[in-house]
Amino acid sequence: MSKTKKLQKQRFQKEKVHWSIPLSRKNFIIFAAGLFLLMVGFYIMTIPPWDSAYALVISPLILILAYFVIFPIGILKRNSKKNK
């Protein structure tokens, strides 16, 4: 019994997986750009009058751009360098 336990412990010790965050600095810069666009879009939406072209057309377009283009690019963008 003790030999099997020792073998199992050795296997588990050898199979240690080193985990790292798969996102790079470039991904976080893209996220920051998306966050900035979100803040700009919501700010433009609050500028009076509420029924202006800025609040009804431009602000939603900026928000859609941030949510559906910039953030997915930030998540899916891969490094050109291969990690070792």
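Buried here means under 20% relative accessible area, exposed means over 50%, and partly exposed lies in between (1.4 Å probe, protein chains only). By that rule, buried residues make up 19% of the 84 residues in the protein.

This is a predicted model, in which local features need pLDDT of at least 70 and side-chain atom pairs count only at pLDDT 80 or more, while totals for chains, interfaces and linings use all residues. Residues are numbered from 1 along each chain as its sequence is written, and side-chain values use heavy atoms, with hydrogens and water left out.

**The overall fold**

Start with a cartoon view. The protein has 3 helices and 0 strands, and along the sequence the pattern reads α-α-α. Helices (H or I, at least four residues) and strands (E, at least two) are DSSP runs, numbered from the N terminus.

**Helix α2 and its phenylalanines**

Select residues 25–46, which are helix α2. Then show the side chains of Phe28 and Phe31, which form a tilted aromatic pair with 6.3 Å centre to centre and 55 degrees between the planes. Rings of Phe, Tyr and Trp (its six-membered ring) pair if their centres lie within 6.5 Å; planes under 30 degrees apart count as stacked, over 60 as edge-to-face and the rest as tilted. Why are Phe28 and Phe31 separated by about one helical turn? They are 3 residues apart in α2. An α-helix has 3.6 residues a turn, so residues three or four places apart point the same way. Phe28 is partly exposed at 45% relative accessible area, and Phe31 is partly exposed at 23%.

Stay in α2 and pick Gly34. Is Gly34 buried or exposed? Gly34 is buried, because its relative accessible area is 0%.

**The loop**

Move on to the loop between α2 and α3, where Pro49 is placed. A cis peptide bond joins Pro48 and Pro49, with omega at about -10 degrees.

**Helix α3**

Select residues 53–76 for helix α3. Its end C-alpha atoms are 33 Å apart, which agrees with the 34 Å that its 24 residues should span at 1.5 Å a residue; the expected span is 1.5 Å times one less than the number of residues. Where is the kink in α3 centred? The kink, of about 35 degrees, is centred on Ala66. The bend at a residue is the angle between axes fitted to the seven residues ending there and the seven starting there.

Colour the buried residues of α3 next: Ala55, Ser59, Ile62, Leu63, Ala66, Ile70, Phe71 and Gly74. Ser59 has a relative accessible area of 0%. Ser59 and Val40 are 19 residues apart in sequence and 8.0 Å apart in space, C-alpha to C-alpha.

**The ring cluster**

Now show Tyr67 and Phe71, which both lie in α3, 4 residues apart, about one turn of the helix. Their ring centres are 6.3 Å apart and their planes at 55 degrees, so the pair is tilted. Tyr67 is partly exposed at 41% relative accessibility, whereas Phe71 is buried at 17%. How many aromatic pairs does a search of the whole structure find? The search finds 3.

**The nonpolar patch**

Finish with a surface view. Select Phe42, Met45, Ile64, Leu65, Tyr67, Phe68, Val69 and Ile73, which form a nonpolar patch with about 740 Å² of accessible area together. Patches are made of residues with over 30% relative accessible area and no salt bridge, like charges being joined within 9 Å and nonpolar side chains (Val, Leu, Ile, Met, Phe, Trp, Tyr) within 5 Å. A salt bridge is a side-chain nitrogen of Lys or Arg within 4 Å of a carboxyl oxygen of Asp or Glu. Accessible areas come from the Shrake-Rupley method with a 1.4 Å probe; for residues, only the protein chains shown count as cover.

α2 and α3 each supply at least two residues of the patch, and α3 gives the most, with 6. Among the α3 residues is Val69, which is partly exposed at 37% relative accessibility.
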